[in-house]
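Hi everyone, thanks for coming.

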Amino acid sequence: MEFKYYSVKEINNFMEAKGLAVNKKFGQNFLINSGVCDTIVKNLELTPDDVVFEIGCGLGSLTNRLIDSPAGKVVGFEIDNAYQKHLTGLFKDYPKFTLIAGDFLKEFENAVKTHLLPGQKPVITGNLPYYITTPIMEKVFTGTCGFSRAAFMMQKEVGDRVISKAGKKKYGSLSIFCQYYSEPKIIANISPASFYPQPNVNSAVVRFVHRTLEPAPDNEKLFFAVARSLFINRRKQLKNNFAHSPFLKTIPLEIILKAMEQCKIPLEERGENLSVEQIIILSNKINNLNLESNN
Ligand code: SAH
């Protein structure tokens, strides 16, 4: 379809004529670089069997490319009234597109039920409103429907933490959370000049491909409790962090220390050196020893 990407000089006039203003409250930084939109769509590897959900359609810069892609259906979310009207008008001749006028965080589960066949997994994308990047990822990764792939524009600094591996400075709870559910990869670094208005941070597109790890945690809640405990104090040794963890209050410290020994993790190890796989093995050991001790 014809879609015009306006230059920084033109976009102000265009928005004014349409009665659109930039609403900071909704994290609005619109993409004005068509190449970035093409990169996102290409990396989603869409097929006619896919239903792709887009978070925050805004001016429709990414939406138009999704509608033109091989995807079978495009379901967009937009919270801002003015942009809802703009999008409905812009894409009225494309039955492949449905707009959900509302908050993605509230509407996602229902939208999935409405638009997917049983067992079908959503593909999710968006130039995210940065103020809710983490809640969006939590919603997508832990949703009852699961997901197959995703590609999100986010702050570069957040993207770096998402992909960081054990032993690196930026490795933390967010890395573990994302890498537990997916294989994340930065597919493009994006400068502020690709947006209007320009954000005051660099951005990155991160692609997530769903995965299920083997072995899996026997007790997912405990796995995340152990993961969070690793970073209570980065300079402290693991045994200290476990001893003071508010997330592991119900598990006796002797059990945790015994599990570490059996998993051959030195007591003075630093939490940031444990890989996702090691945390799963350790949490499974803690879980087993704890169950045994309760019997
Ligand atoms: N992808 C668009 C807009 C990106 S800016 C483009 O590049 O042109 C982020 C968009 O998300 C804005 O349109 C904003 O209004 C919308 N948004 C913010 N919070 C939202 C929420 N909770 N649910 C749905 N959309 C939201």
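Let me start with a term we need. A crossing of two helices is called left-handed if the near helix is turned anticlockwise from the far one by less than a right angle, and right-handed if it is turned clockwise. Keep in mind, too, that we are looking at a predicted model.

Now try that term on helix 5, residues 104–115, and helix 6, residues 133–142. Their axes come within 10 Å and cross at roughly 15 degrees. Angles under 35 degrees count as roughly parallel, so helix 5 is roughly parallel to helix 6. And the handedness? The crossing of helix 5 and helix 6 is right-handed. On the helix 5 side, Phe-104, Leu-105 and Phe-108 make the contact, and they meet Pro-135, Ile-136, Lys-139 and Val-140 of helix 6. Sorted by class, this contact holds six nonpolar residues, one charged residue and no polar ones.

Let's go to a second pair, helix 11 (residues 253–262) and helix 12 (residues 276–294). Here the axes come within 9 Å and cross at roughly 130 degrees, so these two helices are oblique to each other. Helix 11 passes helix 12 in a right-handed crossing. Among the residues that meet are Ile-255 and Met-260 from helix 11, with Leu-282 and Leu-289 from helix 12. The contact of helix 11 with helix 12 divides into seven nonpolar, three polar and two charged residues.

In what order do the seven strands of the open sheet come? The order is 4-3-2-5-6-9-7, and the pairing is mixed. Strand 4 and strand 7 are the edges, each pairing on one side only. On average, neighbouring strands of the sheet are turned by 20 degrees against each other, ignoring direction.

You can see both kinds of pairing. Strand 7 and strand 9, by contrast, pair in the antiparallel sense over eight bridges, with Ser-182 partnered by His-210 in strand 9.

Finally, the helices on the sheet. Helix 4 packs there, touching strand 3 and strand 4, and its direction makes about 165 degrees with that of strand 4. Strand 3, helix 4 and strand 4 together make a right-handed β-α-β unit. Helix 2, residues 34–44, lies across strands 5, 6, 7 and 9, at about 150 degrees to strand 6.

Note on methods: Residues are numbered from 1 along each chain as its sequence is written. This is a predicted model: local features need pLDDT of at least 70, side-chain atom pairs count only at pLDDT 80 or more; totals for chains, interfaces and linings use all residues. Side-chain values use heavy atoms; hydrogens and water are left out. A crossover is right-handed if, with the strands pointing away from the viewer, the path from the first strand over the helix to the second runs clockwise. Helices (H or I, at least four residues) and strands (E, at least two) are DSSP runs, numbered from the N terminus. Axes are lines fitted to C-alpha atoms, for helices over the stretch in contact, and angles run from 0 to 180 degrees between N-to-C directions. Angles under 35 degrees count as roughly parallel, over 145 as roughly antiparallel, 65 to 115 as roughly perpendicular and the rest as oblique. Contact means heavy atoms within 4.5 Å. Ala, Val, Leu, Ile, Met, Phe, Trp, Tyr, Cys and Pro count as nonpolar, Asp, Glu, Lys and Arg as charged, and the others, Gly among them, as polar. Two strands pair if DSSP finds at least two bridges between them.
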